[in-house]
Amino acid sequence: MAMNQIIRYKPIIKFIKNNDIKNILEVWSWSKWIWKFMKRLKYTWIDRTTSDYTGIEKKTSKNMNFVNGDCLNMPFWDNTFDLVFSLDMLEHIENEKRLDSIREIVRVSSKYSIIAFPYWKMWSLLDNTLYEYTLIKKWKVDWWLKEHIENWLPDNDFIESVKSEFKNYEITEFLNWNI
């Protein structure tokens, strides 16, 4: 288990423990799955695959209901889950579909939606530097880095479009939330 995963999930675990949440959906988290940190938690996870960054399919937990699907058209009724959360997904979706994925997350959530993603210029600079270094070294470019470069990270304009569309929702920004 990577420290990166522990740090990412810490605020989600705290949120779950501090609220009355019984029905959870995790959207597109590859093999980071929250059950690694909360072994008794029963929840649903939706993704197109159970593979992680290596591309190898992973066995899911008995506490996990895996649904093969897409975050842009989830096969759930409106307001199905108390909490719907997604960590580091938006940067892997084309710019024009990002707001649609948030609409879908909000649609299936009855109480809370947590969507965390990098969007600062610093992260774009780091991604570009890593990408250039990878090319210089003639290494294979990881798929996740390629998607970051092709899709570009969400920016301030995107944040403003989210705030504009979801005016009735409390939107909280955390600078560098996963460090």
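Predicted model: local features only at pLDDT ≥ 70, side-chain atom pairs only at ≥ 80, totals over all residues.
Residues are numbered from 1 along each chain as its sequence is written, and side-chain values use heavy atoms, with hydrogens and water left out.

With a relative accessibility of 75%, W77 is classed as exposed; buried denotes under 20% relative accessible area, exposed over 50%, and partly exposed the range in between, computed with a 1.4 Å probe on protein chains only. When neighbours within four places in sequence are left aside, W77 is in contact with R107 and V108, contact being defined as heavy atoms within 4.5 Å. The C-alpha atoms of W77 and E160 are 28 Å apart in space, and the two residues are 83 apart in sequence. The loop between β3 and β4 also holds N79, which has a phi near 60 degrees, a positive value in a residue other than glycine. N79 is partly exposed, at a relative accessible area of 48%.

The strands are arranged as an open sheet of five, in the order β3-β2-β1-β4-β5, with parallel pairing; two strands are taken to pair if DSSP finds at least two bridges between them. From one strand to the next, the twist averages 20 degrees; axes are lines fitted to C-alpha atoms, for helices over the stretch in contact, and angles run from 0 to 180 degrees between N-to-C directions.

Strand β1 (residues 24–27) is joined to strand β2 (residues 43–47) in the parallel sense by three bridges, and V27 has I46 as its bridge partner in β2. Three bridges also connect β1 with β4, again in parallel, with V84 of β4 as the bridge partner of L25. β4 and β5 are paired in parallel over six bridges, and I114 in β5 is the bridge partner of F85. Seven of the seven residues of β4 are buried, so this strand is largely enclosed by the rest of the structure.

L25 belongs to strand β1 and is buried, at 0% relative accessibility. Residues up to four places away in sequence not being counted, L25 touches T44, W45, I46, M74, F76, F81, L83, V84, F85 and V108. A C-alpha separation of 9.3 Å is found between L25 and N65, which are 40 residues apart along the chain.

Helix α2 lies across β1, β4 (81–87) and β5, and runs at about 145 degrees to β5. Its buried residues are R98, L99, S101, I102, E104, I105, V106 and V108; these pack against β1, β4, β5, α4 (143–151) and α5. The loop between β4 and α2 contains D88, a residue with a positive phi, near 55 degrees, although not a glycine. D88 is buried at 8% relative accessibility. E91 is found in the loop between β4 and α2 as well and is buried, with a relative accessible area of 2%. Beyond its neighbours within four places in sequence, E91 contacts R98, F117, P118, E147, H148, N151, L153 and P154.

A pocket is an open set of points on a 1 Å grid over the protein atoms alone, where a 1.4 Å probe fits and protein lies on both sides within 12 Å along at least five of seven lines; lining residues have an atom within 4 Å of a point. The lining of the largest pocket consists of 26 residues, with S113, I114, I115, E170 and T172 nearest its centre. At least two lining residues are supplied by each of α1 (3–17), α2 (95–108), β5 (109–116) and α5 (156–165). β5 makes the largest contribution, eight residues. By class, 19 lining residues are nonpolar, four polar and three charged, where Ala, Val, Leu, Ile, Met, Phe, Trp, Tyr, Cys and Pro count as nonpolar, Asp, Glu, Lys and Arg as charged, and the others, Gly among them, as polar.

Note on methods: Helix = DSSP H or I, 4+ residues; strand = E, 2+ residues; numbered from the N terminus.
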